[in-house]
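Please keep the sequence and the structure in view while reading.

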Amino acid sequence: MNKRRNAGATALMAGLTAGALVTAGCGAGGPSAGGGDFTDDKVVLALLNDASGVYKDVSGPNSKIAIQMAIDDYQEKYGDDAVVEDIEVTSADHQNEPDIANTKAQELYDREGADIILDVPTSSAALAVATQAKNKKKLYMNIGAGTTELTGAQCNKYTFHYAYDTWMLANGTGTVVTEEGDKNWQLIYPDYAFGQDMVKSFTGAIEAGGGKVGGTIATPFPNDNFATYITKAGAAKPQVIGTMHAGGDLINLVKQYNESGLKEKGIDLAVGLMFISDIHSLGVEAFEGTIFTDAWYWNLDEKSREWADRFLEETGDRPTYAHAGNYSAALQYLEAVQAAGTDDADKVVEELEGKKIDDMFLRNGEIRAEDHRVIHDVYLAKVKGPDDVKEDWDYEEIIKTIPAEEAFRPAAESGCSM
C-alpha cells in the first residue's frame with residue numbers, strides 16, 4: 001500500500017494520540033489486532049464526487065489524497081494494535097448526475113466491496129446515494145452536499161451528514177446580512193435539490209431577521225451564462241442579490257455580476273455557499289468584503305494549519321473544507337471500526353452515534369444520534385482586501401465563531417425518523 005508521509009505527520013499524530021479523538025464508550029486502543037470480523041479481510045473506503053466538472057476544485061480528486069492521509073494516520077497511530085491491516089481507498093466520478101451517482105454507488109458497494117462512501121456533492125446525487133446506503137445497509141458520510149433532507153425526511157440509519165447544510169449557511173450569512181441592513185433580497189439559485197433547499201432556508205432566515213425575499217430566479221445546472229438572470233434580479237432594485245450557486249457556477253456568476261454594473265448602483269451580492277477555491281480562482285478583488293459562512297478554514301489556528309501544510313505538500317494546494325471534511329470523516333470512521341473491531345455497519349453505527357469529537361476539522365463536534373447530523377462550530381467569514389492578504393490562499397478574516405449548538409437545525413425540528 002502506498003503511504004504518504006511528511007514532516008508534519010509525527011507532530012499531528014502526537015496530538016491525536018493525546019486525545020484529540022474521543023470514542024464514546026470504549027478505550028483508545030480498541031480490540032486487539034486480528035480479533036475482528038472483516039469482509040474480505042479488509043476495509044474499503046470509497047470516494048464518490050465530481051472529478052471533472054464544476055465542483056472538481058471544491059473536492060474532486062484531491063479528496064482521495066485527504067482520505068489516504070487519514071488511512072496513513074490511523075495506521076501510524078495504532079500500528080500493530082490496528083484491528084485491520086488492509087485498508088483501501090477507491091473513487092468514482094458521478095458527474096453531478098443523480099442517476100450516475102445511483103449506479104456508481106451500487107457498483108462501489110457491490111462490486112468494489114466499499115464499506116463506506118464519502119463526499120458526494122450535488123444534493124440530488126447525495127439523496128440517490130443515501131437511498132442506496134439504506135438499501136444496502138452500508139455506511140455513507142456525506143461531506144459535499146447541502147440538502148437538509150439527508151438529516152430530515154429522507155434520513156436513514158446508515159447516512160451521516162458531516163460538514164455543512166443549507167440551514168447552517170442561511171443561519172449564518174442570511175441572518176447577519178439582513179440584520180446589518182440589507183432587508184430587500186432577490187435570490188438566484190440552481191434549479192435542483194440543493195438550490196431549492198437553499199432558497200427555503202435563506203428565505204426563512206431573511207424573514208426571521210426582518211427582511212423580505214422579493215423574488216426567486218431559477219437557473220439551469222450547470223450553467224455558464226448568468227447575465228439574463230442577473231439583469232432580471234437587478235431590475236427589481238433589491239438591496240442585495242443572493243446567489244445560491246457553488247464551484248464553477250459561482251465563479252461564472254460572480255464574474256458576470258462584476259461586469260453588470262449593479263455593484264456600482266448599490267446592489268450588493270451575497271454568496272450563500274463559497275469555498276476558498278472559488279476565491280483563489282477569481283482573486284480577492286472579485287469577492288472583497290463578501291460575508292459568508294465557512295465550515296472550516298485552513299488558517300484558523302495551528303491545528304488546522306498543521307494539517308493544511310501537510311495537504312499542501314501532497315497536492316500543491318491549500319485544502320477547502322470539503323477536503324478537510326473528507327479526511328476527518330474517513331478518520332472518524334476508522335476510529336469507529338477500531339472501537340467495534342469489525343466493519344459490520346450496524347456495529348460501526350453504534351460506535352458513531354452520540355460520539356463527541358474534537359479533531360482538526362470538527363471543533364466541539366458531536367454526531368447526533370437522533371438524525372445523524374454532525375454538528376460543530378462554524379465560522380462567519382469575510383473576504384479580505386488585497387492589501388490584507390499576507391500569503392497565498394490567506395483570503396479569509398474570521399469575524400465570528402458560531403457555536404455548534406446554534407449553527408445547525410435542532411434535531412427536534414429535523415423531521416427525521418430512523
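The largest pocket of this predicted model has a volume of about 340 Å³. Its lining consists of 19 residues, and those nearest the centre of the pocket are Asp-268, Leu-269, Ala-270, Gly-289 and Thr-290. Which elements of secondary structure supply at least two residues each to this lining? They are helix 8, which covers residues 247–260, strand 9, which covers 268–271, and helix 10, which covers 284–287. Strand 9 contributes the most, with four residues. Sorted by class, the lining of the largest pocket holds 10 nonpolar, four polar and five charged residues.

The model also has cavities, from which a probe cannot get out. There are two of them with a volume of 30 Å³ or more. The largest cavity has a volume of about 80 Å³, and 14 residues line it. Closest to the centre of this cavity are Tyr-55, Thr-122, Gly-144, Tyr-164 and Leu-273. The lining of the largest cavity has 10 nonpolar and four polar residues, but no charged ones. The lining of the largest pocket, by contrast, includes five charged residues.

The view may now be widened to the whole chain. The secondary structure of the protein chain comprises 14 helices and 15 strands. Along its principal axes, the C-alpha trace spans about 70 × 45 × 35 Å. How does the radius of gyration relate to that of a compact globule? For 418 residues, a compact globule would have a value near 22 Å, and the protein chain has 21 Å, so the two agree. Of the 418 residues, 59% are buried. The protein chain exposes about 15400 Å², and carbon and sulfur atoms supply 43% of this area. Contacts can also be sorted by how far apart the partners lie along the sequence.

Ile-291 is placed in strand 10, which consists of residues 291–294. Is Ile-291 buried or exposed? Its relative accessible area is 14%, and because buried means under 20%, Ile-291 counts as buried. Leaving aside residues up to four places away in sequence, Ile-291 touches Thr-173, Glu-180, Val-271, Leu-380, Ala-381, Lys-382 and Ile-399. Val-374 is 83 residues from Ile-291 in sequence, and their C-alpha atoms are 24 Å apart.

Glu-397 is found in strand 15, the strand formed by residues 396–402. With a relative accessible area of 38%, Glu-397 is partly exposed. Again leaving aside residues up to four places away, Glu-397 touches Leu-380, Ala-381, Lys-382 and Lys-384. Leu-380, Ala-381 and Lys-382 are also among the residues that Ile-291 touches. Between Glu-397 and Tyr-189 there are 26 Å from C-alpha to C-alpha, with a sequence separation of 208 residues.

Asp-394 lies in the loop between strand 14 (378–383) and strand 15 (396–402). Where a residue sits in a loop, its accessibility still has to be checked. Asp-394 has a relative accessibility of 4% and therefore counts as buried. Beyond residues up to four places away in sequence, Asp-394 touches Tyr-297, Trp-298, Asn-299, Lys-384, Asp-388 and Val-389. Phe-311 is 83 residues from Asp-394 along the chain, and their C-alpha atoms are separated by 15 Å.

The last topic is the geometry of the backbone. Phe-221 and Pro-222 are joined by a cis peptide bond, with omega at about -10°. Pro-222 belongs to the loop between strand 7 (212–219) and helix 7 (227–235). Lys-137 is not a glycine, yet its phi is positive, near 55°. Lys-137 lies in the loop between helix 4 (123–136) and strand 4 (139–142), and at 52% relative accessibility it counts as exposed. Lys-237 likewise has a positive phi of about 55° without being a glycine. The loop between helix 7 and strand 8 (240–243) contains Lys-237, which counts as exposed at 68% relative accessibility.

How values were computed
Residues are numbered from 1 along each chain as its sequence is written. This is a predicted model: local features need pLDDT of at least 70, side-chain atom pairs count only at pLDDT 80 or more; totals for chains, interfaces and linings use all residues. Side-chain values use heavy atoms; hydrogens and water are left out. On a 1 Å grid over the protein atoms alone, a cavity is a set of points where a 1.4 Å probe fits but cannot get out, and a pocket is an open set with protein on both sides within 12 Å along at least five of seven lines; lining residues have an atom within 4 Å of a point. Grid points are joined across faces, edges and corners, and a volume is the space filled by probe spheres set on the points. Ala, Val, Leu, Ile, Met, Phe, Trp, Tyr, Cys and Pro count as nonpolar, Asp, Glu, Lys and Arg as charged, and the others, Gly among them, as polar. The radius of gyration is taken over C-alpha atoms; the globule rule is 2.2 Å times the number of residues to the power 0.38. Buried means under 20% relative accessible area, exposed over 50%, partly exposed in between (1.4 Å probe, protein chains only). Accessible areas come from the Shrake-Rupley method with a 1.4 Å probe; for residues, only the protein chains shown count as cover. Contact means heavy atoms within 4.5 Å.
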